[in-house]
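Reader: Please take me through this structure with a few questions and answers.

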Amino acid sequence: LPSSIGDGSTSVVAESASSTTSTPIKPKSSKWSNVQERTVPAVLMLGGAYAWIKYTGTNGVIALFTFLQAAMYSEGTNVVSSSSNNINSLEKWFIFLTFWINTSGRIVFPIEW
């Protein structure tokens, strides 16, 4: 603010500006904010994964991994396909199915040779 505007109206401007910003609201502490934003969701996710594994066993682990693999594969191929359009959707999921059969599919469909 300028120190003087001629007829002494500076004090009115200074007083009105100071009255609107008299007490700023303090944000939560950074430690508590960090706990809320990172630790609590991580603990809930680990607890959910533990419960899923405990109650569903091996089949649940395979289902969870298959879901996560499909989600990551879909996201990765969407990023790549946005820059080049060399592969269609059927080919994309055929490649994923081939990969899945060679990893998790051996446990789901055991074949004795």
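The questions below go from the whole chain to single residues.

Author: This is a predicted model, in which local features need pLDDT of at least 70 and side-chain atom pairs count only at pLDDT 80 or more, while totals for chains, interfaces and linings use all residues. Residues are numbered from 1 along each chain as its sequence is written, and side-chain values use heavy atoms, with hydrogens and water left out.

Reader: In what order do the elements of the protein chain run from the N terminus on?

Author: Helices (H or I, at least four residues) and strands (E, at least two) are DSSP runs, numbered from the N terminus. The protein chain has 4 helices and 0 strands. From the N terminus on, the order is α-α-α-α.

Reader: In which helix of the protein chain is confidence highest?

Author: Confidence is given as pLDDT, the predictor's score for each residue from 0 to 100. The protein chain averages 75, and 69% of the residues score at least 70. The lowest mean, 52, belongs to helix H1 (residues 10–20), and the highest, 85, to H2.

Reader: What share of the 113 residues of the protein chain counts as buried?

Author: Buried means under 20% relative accessible area, exposed over 50%, and partly exposed in between (1.4 Å probe, protein chains only). By that rule, the buried share of the 113 residues is 9%.

Reader: Which residues form the nonpolar patch on the surface?

Author: A patch takes residues with over 30% relative accessible area and no salt bridge, joining like charges within 9 Å and nonpolar side chains (Val, Leu, Ile, Met, Phe, Trp, Tyr) within 5 Å. A salt bridge is a side-chain nitrogen of Lys or Arg within 4 Å of a carboxyl oxygen of Asp or Glu. Accessible areas come from the Shrake-Rupley method with a 1.4 Å probe, and for residues only the protein chains shown count as cover. With about 380 Å² of accessible area together, the patch consists of Trp32, Val35, Val40 and Leu44.

Reader: Is Val40 buried or partly exposed?

Author: Val40 lies in helix H2 (residues 30–83). Its relative accessible area is 41%, so Val40 is partly exposed.

Reader: How do the rings of Trp93 and Phe96 pair?

Author: Rings of Phe, Tyr and Trp (its six-membered ring) pair if their centres lie within 6.5 Å; planes under 30 degrees apart count as stacked, over 60 as edge-to-face and the rest as tilted. The count comes to 3 aromatic pairs. Trp93 and Phe96 are 5.6 Å apart centre to centre, with 80° between the planes, which makes the pair edge-to-face.

Reader: About how much of helix H3 separates Trp93 and Phe96?

Author: Trp93 is partly exposed at 32% relative accessibility, whereas Phe96 is buried at 9%. Because they are 3 residues apart in helix H3 (residues 89–103), Trp93 and Phe96 are separated by about one helical turn.
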